[in-house]
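Subject: Structure handover

Dear colleague,

I am passing on the structure below, and after it you will find notes on what turned up. Please read them with the model open beside you.

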Amino acid sequence: MPTNGNGKSISGKWPNILVGLAAFIVVTPFFNYVLMTKSISAGSEYRTGSDQFLIAKNAELEARIREMEALIQSSHEDEHARPPSLGYNGDPSVSSSLRVKAGSINSYWWPSAENMGGLLGKIYATQNPLDCSSPSTKFFVWRSRPGTENERDTRGLTAWAHAGASHMLHAFTDGDGFPKHSSRVLMTDEKLWPMAKGCLKGPETRECYFEPLSKCSMSDVDKTGSRNATVLVDYKEEYNRSQRTLYTSNKRWFRLVNQKYSWTELPGEVKDHSDMAMVAASLVYYFRPKPWLRDEIDKRIRQSIPVDLNPERTVGVPIRRSDKCHGHNITGSALGELDCPPLSFYLDGVKKFIAFDPHIENVIVTSEDKSACDEFLDLMKTELPKIRVVLNVGDVQQGTGSGSKLESYVEAAANANVVASALTSLHLHLRARYFVITSKSTWTSTISVMARVYGFASEIFVIDIGRNKNAFSGYARSGCHQAKMH
């Protein structure tokens with residue numbers, strides 16, 4: 001047994017030391033508390049008003065610290081509770097929505113009509129009234145074209161969406177009759193939609209791919225021929241706005257309204273608000289995908305977008321060619337309307353952006369035209385080999401944008417696969433800051449407009465290499481409407 005220098009045992013001494021130390025640790029705080037209590041009690045009569053104020057402020061500060069700790073803990077729990085796979089399942093609050101978007105560069109993200117507020121929230125509220133069966137709820141029914149004209153309709157995804165957005169504004173303003181006449185709910189007639197032929201996920205209508213425009217149904221609408229319904233012969237025709245249900249003409253075109261913001265009841269005139277913001281919100285509402293399509297887009301984005309992609313350092317090059325070009329020979333597609341520039345013009349645009357911003361690292365390249373896409377990729381490899389090219393992995397590249405012919409040019413290319421590919425391309429380009437486009441193309445113009453309002457980059461720059469333009473081109477190039485085009 002160990003001993004000290006006097007031959008006494010050491011081991012028998014340690015238990016007593018440990019017991020004494022433990023007693024000291026337990027008793028000391030209690031003893032200090034008693035002394036403090038007595039001191040405070042004894043000196044309370046001499047305490048100044050300033051001392052009382054300091055004690056109160058300390059108590060308030062401590063309470064606020066506890067509250068902040070609770071909020072931080074709650075935030076951490078919320079982050080851990082959110083499913084990591086898809087950002088759209090997150091907390092609907094504004095701050096959470098911003099966090100979800102920031103964390104979704106390489107996964108699905110789309111503005112929430114139900115929770116985002118602003119113009120998008122106003123559209124959602126107008127399209128989904130509390131009582132669809134009420135006599136005061138008015139409707140505007142978007143009719144399909146007659147007979148076989150409907151099935152042969154060659155409009156592409158964005159052409160349909162712009163028609164829908166224009167009909168929506170007609171409904172909301174009741175053809176510039178608001179506020180004297182109340183807003184209408186836009187409905188579709190539930191007939192065949194050309195791109196939904198053979199749909200395996202739902203009806204062969206727009207709702208094969210997208211959420212319904214309204215929770216109301218056609219059973220809530222007055223039938224044609226009834227005393228409460230009017231059918232337009234021409235889209236420019238005036239009509240009795242007191243009628244509960246209005247049906248569009250069965251022509252392709254739509255009425256353009258002047259007072260786009262009247263139905264929002266925001267103060268000011270049309271010039272005081274952004275036309276582009278209204279267009280973008282309408283398109284976002286129209287393009288809300290069904291869950292199966294949302295999951296498909298998410299899968300494709302994850303396969304295509306690198307986890308380290310920085311939108312601020314990315315150029316988008318959506319190449320629209322094939323049936324869009326003058327002189328094409330694609331049977332059954334829409335007539336060409338674009339003087340398609342050489343692919344070297346796209347490369348020149350990218351080079352100009354790199355000269356402007358040497359930090360550029362990535363170029364997102366998409367096209368429905370595989371041969372054009374492959375040719376441009378060869379140019380990139382030769383001229384800009386250090387720039388990372390991002391592609392839409394698994395893109396069908398069906399060789400046309402015409403809605404009635406999506407399945408016709410690539411073997412086993414079902415319409416659903418083509419639509420998923422096209423929408424994935426749109427989503428990919430929201431991750432870019434710089435764009436090289438041909439603005440006469442509604443597709444590429446829509447990408448630029450959507451990126452300006454809902455994209456991931458802090459600002460958007462566009463180079464338009466197109467040789468011909470239209471009124472919508474101004475929104476794409478600068479964010480402003482240009483009434484006169486030369």
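The largest nonpolar core has 75 residues, and those with the most contacts inside it are Trp 193 and Tyr 209; such a core is a set of buried Ala, Val, Leu, Ile, Met, Phe, Trp, Tyr and Cys residues joined through side-chain atoms within 4.5 Å. Here buried means under 20% relative accessible area, exposed over 50%, and partly exposed in between, with a 1.4 Å probe and protein chains only.

This is a predicted model, in which local features need pLDDT of at least 70 and side-chain atom pairs count only at pLDDT 80 or more, while totals for chains, interfaces and linings use all residues. Residues are numbered from 1 along each chain as its sequence is written, and side-chain values use heavy atoms, with hydrogens and water left out.

Leaving aside neighbours within four places in sequence, Trp 193 is in contact (heavy atoms within 4.5 Å) with residues including Leu 157, Trp 160, Tyr 209 and Tyr 286. Apart from this core lies another, of 21 residues, among them Val 317 and Phe 353.

Two residues other than glycine have a positive phi: Glu 190, near 65 degrees, and Glu 265, near 60 degrees. Glu 190 is exposed, with a relative accessible area of 52%, and Glu 265 also counts as exposed, at 59% relative accessibility.

Finally, a cis peptide bond, with omega of about 10 degrees, joins Phe 178 and Pro 179.

Best wishes
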